[in-house]
Each structure stands twice: as structure tokens, then as C-alpha cells.
Amino acid sequence: MLIKTYAGAVQGVDAQTITVEVNVGGKVATEKNFYHLVGLPDNAVREGFSRMEAAMQNIGFKMKRIKTVVNLAPADIRKEGSAYDLPIAMGVLAASEQIDGSTLDQYIMMGELSLDGSLRPIRGALPIAIQARKAGFKGFILPKENAREAAIVNELDVYGVSSLKEAADFINGDLRINPKMVLTRDEFFDQQNIFDIDFSDVKGQQNIKRALEIAAAGGHNVILIGPPGAGKTMLARRMPTILPPLNLHEALETTKIHSVAGVLPPDSALIANRPFRSPHHTISDVALVGGGSNPMPGEISLAHHGVLFLDELPEFKRTVLEVLRQPMEERRVTISRARMTVDYPANFMLVASMNPCPCGYYNHPDKECVCGPAQINRYLNKISGPLLDRIDLHVEVTPVSYDELASKEMPAESSSEIMARVIKAREIQAERYKDAPGVNANAQMSGRQVREFCEIGQAGRMLVKKAMEKLQLSARAYDRILKVARTAADLHESENIEIEHLAEAIHFRSLDREGWAG
């Protein structure tokens, strides 16, 4: 008997339907050679036979010793992972007439079997659910742990089951399972802007807070330079609390990536807050940008619509930092393999931190640096010019004094107050770039758009000229200064870029100054 069940294969952050064809019947040469699996399966899919056989026996079914051929179509797409256990097992049971297979074509099924017949959670449930709705399936049968994640897709019945036995009883009509219901919009808005940290926790550092506000308002990349213990990491971790909230489309896109990578929190339906990713400096280039023999999203894709924080930037391997350059420009990563090419979105904001020298105390107000000029230059030159070219704000972080730490004055501004100004500035930019596809913030302006939207007066031109000559600013800093000044003007709701906006932008170009990046 021939039975067809349906599954999903994830490629990149999207899925496509896989037809599982199971034919049971005919003679076999030997009892040991009765099961044949074709359709480009990997080892995890092949090993599913042993899991299925044990699971069937432990719940009262049998893997009959008659010729069984399973084809995973289309046969030119490599099938990877253990999540095909459930659709193959259900197909075998139906084809061997142990369950009723008349309704199997209405569902997509995915799940990894344990030997006792229970189901383990899978990766990529959300993109598979989206594909199931697109392909017109009535429902999606999957492990209970993934049900909330898949249920955010409207117009698709999602049935969470805990075992192969439950799935079989449901298909037979012996067990009634209510579809999992998630009110997507309510879930999304209930979870938004819930943070354990806040900018009001930070004493002093007004200059740094201002820099991060500008970075958030314009989508600018930022690097914080300062001695150990000055608060660089503490400030960077609070960056998501002042970024504009995700909209529903961005939340779905971000959740898809985390679903594919298998890092979605348990029983989570939707990522409602902007992600913050902070990989260790020992990370490999593949782990950062994505890839591998079975391509998976990297840290920069997991930071999509959020913040990628690289602490102690010069300690990262140079090859790792260099692979960042193209994704920062194109806001996506393309992974090419012999059999496939996948795209992962990577529209992230880079926040980096570093010590100014190997000992950490160069330019410190109180402690003396023990590094020689050659050591300092060698340390700073670990970061290439092309990478620095993509970072708009270079901010010096100085230690907070005892008086500021012990002060009991009014608490600092909260994240919500700063976020309100950031949102207003982003609304101004959205109106400005409404006719420019792919540009949503000032940091994304092209050279032509900089000339169009960042006009400055005669006094402003003189200030920039003097700054470039006196501070030995490089030519690459010019456009960056104009972009940051445009954001500072937007925060003040000023149509024109004024002198004070330019002065502020020039102030935040520390690494372009003579004596820093020699």
C-alpha cells in the first residue's frame, strides 16, 4: 500500500514542503534487508529507522518485516536532522494498515522520536508552519514544546502531541486534540519593553549616554574606548532598552531566525524585544557569520533587528572581524555551498568596546600607562581601517568619580524617556526616506543621499574643515560626521544641521585623531 505524508525542510530562514512517500508490500531477499530509505537523507534521517522500530514496539505497534520503501521528495534536496521521524513513522503505520491514513494528506508533521515513543522538540517550527499555511494544509502536528511557536501563524491549526501514540490516535479519530491558540498581537504587546536593566541605573556618564542615544536614533554603529571598569559593558547592555520597539513584522522575522537556530526560549511564541548578542572573542568566523556543512545562522543573524556587542574588540581574530565588513554594508549574509545557496538577514547595530592599549590605561586621568607608543599602535591596528570606516561614533569612556557614584541626587533619565526621543527621531527619518527603499535610518544613507539631506552652511563647512586639519581627521570621517550630525539635528527636531550638531559629531570621532590610530 502506498501512503503519502508531508514534512518541511528548512533552507535559510524559509521552508519548503517535503513529500514522504511510503510503500509497503512485496517480497524481500532477507529479513534484515526490508527497509529502504531514499531521497538524499543524511545520517540523522537514516538512523531514524532504529528509533522508529523501538518506539513502535514500545507503544503497541509493529515494524512489519515486509518490503518498505520510503522516498523523501524532491529527491535532489538534502534532508537533514531527526525531525523526519514522525512523518516517516506515521507513513509506515498507515501503509502497513495499522492506522487509518485517509486524513494524513491534510497535515504537515515533524518530530524526533525517543525510544519510548515520546517526541522531542525540533528546530525551525515557525518557518515550517508558515510554509504549511502557504501550501494550504489544514494543520501542523508537532511536539508540544514547539506548539506555541508554530501557533502564532494564523489560519493554521497547530496540534501539539507528546508521543507517536497520541499522533496515531488523533489521526485515527480516537483522540480529540484542541488546536493550540495564541493571540499573536496580545502576546507580542504584552511582552514588549520588559527589561531587567535601565539607563537610570547608570551613575554619571552623560556624554556616553548621549552618544548611545544618537547611535540608537540614527542606527549608527558605535565603539566605546576606555579603561577597565569604566562601564563600557554596562552601558552597551542597556542599548536595546532605548531602541524603538520591534514591529510585528520585525518580530516574526527575528523569531524565524532564532527558531531555525534552535535558540528560541522554551514555550516561547514570539521574540518581542530586540535581541542582544554578545559572543566571546574566541568565536570563529563561521560561528559569527553563519555557515557550516549544514548551514545555520551565525551571531550576526541572531542579532538581526537588534544589537551585536563585541567586547574587547582587538582580542577578536582579525579574520573574524574582516568577515563583518560585507554584512554590515549589505545587511544580509549569503552562504554558498555546492548543493545550495542560502541567505540570512543581518540588519544589526554593532556596538563594540575596547581598552585604549594593552595595559588599559592610555589617556587615563589618574593611572599611568606602561605601554610604549609602538605597543599602543600595534594594539589599535588590530582593527582594520575598513572596519573602522563602518563605525560612525568613536566614544571615549572615562571612569566615574567617587562623588558621582555616591551622589544621592535625582536619578538619571530612564530608558523610556530616552526611547521617546529616539522614536521621534526615527519617525522624522521614516518620513525623509519614504521614497528610498531599503533606507530606514540616517546610518544607511548613500553618498548621494548624504549630499541631498546633509547640507551645511558656510560656518559649518569652516568648522568641519578646521576640525579635519587640526585633529588630523581622515577623509573617511567626513561622511560619518555629516550622518551623525544629521541624527543629532533630528533629535532636536531641527530641519537644518547647525554648528552644535556638527561639533557634537566631530567630538565623537576619537579614533580618527592623531595619536590614537597611528
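**Surface, fold and pocket of a predicted model**

Visitor: What percentage of the residues in the protein chain is buried?
Guide: Buried means under 20% relative accessible area, exposed over 50%, and partly exposed in between (1.4 Å probe, protein chains only). Of the 518 residues in the protein chain, the buried share is 53%.

Visitor: How many helices and strands does the protein chain have?
Guide: Helices (H or I, at least four residues) and strands (E, at least two) are DSSP runs, numbered from the N terminus. The C-alpha atoms fill a box of roughly 90 × 50 × 45 Å along the principal axes. Within the protein chain, the secondary structure comes to 22 helices and 18 strands.

Visitor: Why is helix 3 described as largely enclosed by the rest of the structure?
Guide: Helix 3 spans residues 85-95, and its buried residues include D85, P87, M90 and A95. Just after this helix, E97 takes a positive phi of about 60 degrees. Helix 3 is largely enclosed because its buried residues number 11 of the 11.

Visitor: Is S336 buried or partly exposed, and at what relative accessible area?
Guide: S336 is found in strand 15, residues 332-336. From C-alpha to C-alpha, S336 lies 36 Å from K232, and the two are 104 residues apart in sequence. S336 is partly exposed, with a relative accessible area of 49%.

Visitor: Which helix gives the largest share of the lining of the largest pocket?
Guide: On a 1 Å grid over the protein atoms alone, a pocket is an open set of points where a 1.4 Å probe fits, with protein on both sides within 12 Å along at least five of seven lines; lining residues have an atom within 4 Å of a point. The largest pocket is lined by 38 residues, and those nearest its centre are N347, R426, N440, A441 and Q444. Elements giving two or more residues to this lining include helix 10 (248-261) and helix 21 (477-491). The largest share, four residues, comes from helix 18.

Conventions. Residues are numbered from 1 along each chain as its sequence is written. This is a predicted model: local features need pLDDT of at least 70, side-chain atom pairs count only at pLDDT 80 or more; totals for chains, interfaces and linings use all residues. Side-chain values use heavy atoms; hydrogens and water are left out.
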